[in-house]
2 protein chains.
Amino acid sequence: MSPRTAYSRALDLENGVVEMCHGGGGRAMAQLIDQLFADAFANDILAQGNDQAVFDLPAGRVVMSTDNFVISPLFFPGGNIGSLAVHGTVNDVALSGGRPLYLTAGFILEEGYPLKELKLIVESMAKAAEQAGVKIVTGDTKVVERGHGDGVYINTTGIGVVDEAITVSGERAKPGDKILINGFVGDHGVAIMSLREGLGFDSSIQSDCASLNGLISDMISAVPDIHVMRDPTRGGLAATLNELAHQSGVGMELLENKIPIRDEVRGACEILGLDPLYVANEGKLLAICAEEEAENLLAAMKAHPLGKDAAIIGRVLEDDHHFVQLKTSFGGSRVVDWIAGEQLPRIC
Amino acid sequence: MSPRTAYSRALDLENGVVEMCHGGGGRAMAQLIDQLFADAFANDILAQGNDQAVFDLPAGRVVMSTDNFVISPLFFPGGNIGSLAVHGTVNDVALSGGRPLYLTAGFILEEGYPLKELKLIVESMAKAAEQAGVKIVTGDTKVVERGHGDGVYINTTGIGVVDEAITVSGERAKPGDKILINGFVGDHGVAIMSLREGLGFDSSIQSDCASLNGLISDMISAVPDIHVMRDPTRGGLAATLNELAHQSGVGMELLENKIPIRDEVRGACEILGLDPLYVANEGKLLAICAEEEAENLLAAMKAHPLGKDAAIIGRVLEDDHHFVQLKTSFGGSRVVDWIAGEQLPRIC
């Protein structure tokens, strides 16, 4: 992304649309970058104006994460693909226990997409980045012909630093550890489904889409030796916990009556025949820590606005089958299976 | 990208296709990552198996660059979207004068795309990364419905380090500086066009797609104070030099008879009514340095296999209009305009 000096022709951000020439490397692309991206994301590193960003990093190991966002629809209650693309990658960097600092932004735009909507998306990215305290330092724009793509796909890649003393990793769950979550599950998936299926759910269900780096920083301060953190996005709690059970070579037991689920989400899932444990989240994290630190960690989470509904929802067990089991409210127990795919495509 | 332990069901890499479930976050996605990506890209950092990679960087400023690849067709003489995605980002990092070290890989796959072809693309990425001496350390996979996307889109984001003493940047071109290129222009664009238009050009025209970090390292060793480097990809020499002229606030003069162009490329451009100066390159770089260092830099370039046809093709002038001018072989002069878009979409 090379923002440049002023050009004669201004973009028509009110009535204009994305044209093939906006991805062509010529003057039109320079205008789009200058008048839309560089303006919204303005910072000293982006202003270098080269095809790469050069910066200093504070001491520590480096952490890097990448995500493509192909969510449909692009706008939803609680956010849009732009804010989601920032939150998602900020979270993946922060879930290492590190501090996210810089993001890249890569756009694949569809010919004909309204510039007015693209501007809303870009402004949401800029706002989300500012709130999370990260800078968007370089980028790329490609345009594909009408009918290919879906308006906007975004890749964000994030970089940050993690203290040498911190080792949060998916293989560190140990039998006896406690499993915590920072709040209600299933909000994001149900918010998207309500749009997608046109079932007209109560609009009070909003995506939980949020940058969790502030919360995570408080958690690490309280309990530096958190064993595992991961966000239960695609595939929900079920997929993420099965993934972690395999990675750590353990089993897990969840307590059904401890998992925070909103009544509206439960109701929507019942209507659709879905299990909330498989529904995607975007502002949630699972944390696993030693039993004796769990109450401390819970208290740190509850003290942060994005963790006020946090709960200890289960524990790690020895289990050669690496099963995730749910202890139901009625005292029974069932295996939370690792399904092949997901209930709903294009959720993020 | 979280590669994981073994699963019961093997992917059918011979006859299978991409399915929506491969992007769902569940067991099918884990299989795809394990059996295709993790296997091809295998390295110690990727093997961490988390949603982010954690690593140490050598001393120096950090350089970061991102690119989306949407080239059509996906396979072309001299490469495919996989090798291109590695070369392109390796080059953007290296063109800072730095040393590329790590890449991320983000895939947007179209439902129904043959896994056999995806495997070829992934293997090309792995090979290109190995040759360039970089590791693919984390990634992401999304799947979009059949008819959206075009088989495969790839984002790569690269990170490297640049010595504190090196400052290569687009605003450093000064009147009197010389402009160099490392070889023949227009090969990539013509190779793609010959496929796209079905005009059946001589198949000897191959894309020049290559990782230039080895060449660039030799150039920096010879002339540490290279003022500017940039790769003339989309929009060709014309777009890149106009961009740099604006960024540095200078004019440029190119000598037509010094610009290396293959006869086949010139012929193809004549048939298509194109100007080779606007045709995309993928293994080319423009370098601008002080006049007194130009012969040294040229010698260093010629000593490397990817610079053996290097040439000094022009010089930087004072010019408030920031024009790029071409001195023709007949002694005349014309302005090389900054066109709005490009002659050919989806070239990278």
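The model is predicted, so local features need pLDDT of at least 70 and side-chain atom pairs count only at pLDDT 80 or more, while totals for chains, interfaces and linings use all residues. Residues are numbered from 1 along each chain as its sequence is written, chains are lettered from A and ligands numbered from 1 in the order in which they are written, and side-chain values use heavy atoms, without hydrogens and water.

**The sheet**

- Five strands make an open sheet in the order 1(A)-2(B)-7(B)-5(B)-6(B), with mixed pairing; strands (E, at least two residues) and helices (H or I, at least four) are DSSP runs numbered from the N terminus, and two strands pair if DSSP finds at least two bridges between them.
- Strand 1 (53-55) of chain A and strand 6 (135-144) of chain B are at the edges with a single partner strand each, so one side of each has no neighbour in the sheet.
- Strand 5 (residues 99-110) and strand 7 (residues 152-162) of chain B run antiparallel, joined by 10 bridges; B:Phe107 has B:Ile154 in strand 7 as its bridge partner.
- Helix 3 (residues 115-132) of chain B packs on the sheet and touches strands 5, 6 and 7 of chain B; here contact means heavy atoms within 4.5 Å.

**Where the chains meet**

- Chain B and chain A each bring 81 residues to the contact.
- About 6,200 Å² is buried between them, with carbon and sulfur atoms giving 52%; buried area is the accessible area (1.4 Å probe) that two parts lose on being put together, summed over both.
- B:Met64, B:Arg234 and B:Trp338 supply 12% of the area that chain B buries against chain A, more than any other three residues.
- There are 10 salt bridges between the two chains, each a side-chain nitrogen of Lys or Arg within 4 Å of a carboxyl oxygen of Asp or Glu.
- One of them links B:Asp337 with A:Arg27, whose closest N and O atoms are 3.6 Å apart.

**Cysteines**

- The model has zero disulfides over all chains, a disulfide being a pair of cysteine sulfur atoms within 2.5 Å.
- For B:Cys209, the nearest cysteine sulfur is that of B:Cys348, 10 Å away.

**A buried isoleucine**

- B:Ile261 is in the loop between strand 10 (251-255) and helix 7 (263-272) of chain B.
- B:Ile261 is buried at 12% relative accessibility; buried means under 20% relative accessible area, exposed over 50%, partly exposed in between (1.4 Å probe, protein chains only).
- Leaving out residues up to four places away in sequence, B:Ile261 touches B:Phe184, B:Val185, B:Arg266 and B:Pro276.

Key: Axes are lines fitted to C-alpha atoms, for helices over the stretch in contact, and angles run from 0 to 180 degrees between N-to-C directions.
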